[in-house]
Amino acid sequence: MTQLVQIRQGFRATWNDLLFLVESEDRLWTLRVQDAGNHRLLYTAGRSNRGAAQAAGLEFAIFRGAIAAQQPSPETLARGLNWQEYW
């Protein structure tokens, strides 16, 4: 019997002092937000699609106080980041 290998697709972006990692996992996209300096995990969440997972990372940053509250929506901020794809 042949074993299936799942290939994960991921996207990463660094912004201010945060590292955002969004990876596909089965039927879910998993977000991890880490401290960019020491890679300490600060937040993790699962979302149904990549855009929602990326926006969740920026939403966490807003509530954490990493950016001013007068910024555009988390979705707009997420679209503006330079997400680097990896496999």
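**Exercises on aromatic rings**

Phe 60 is buried (under 20% relative accessible area, with exposed over 50% and partly exposed in between, for a 1.4 Å probe and protein chains only), its own relative accessible area being 18%. The model is predicted, so local features require pLDDT of at least 70 and side-chain atom pairs pLDDT 80 or more, while totals for chains, interfaces and linings use all residues. Residues are numbered from 1 along each chain as its sequence is written, and side-chain values use heavy atoms, without hydrogens and water.

**Exercise 1.** Determine how many aromatic pairs there are, and classify the pair of Phe 11 and Trp 29.

*Solution.* 
1. Rings of Phe, Tyr and Trp (its six-membered ring) pair with centres within 6.5 Å; planes under 30 degrees apart are stacked, over 60 edge-to-face, the rest tilted.
2. The count by this rule is 3 aromatic pairs.
3. Between Phe 11 and Trp 29 the ring centres are 6.2 Å apart and the planes stand at 40 degrees, so this pair is tilted.
4. Phe 11 belongs to strand 1 (residues 10-15) and Trp 29 to strand 3 (residues 28-35), 18 residues apart.
5. Both Phe 11 and Trp 29 are buried.

Definitions and conventions: Helix = DSSP H or I, 4+ residues; strand = E, 2+ residues; numbered from the N terminus.
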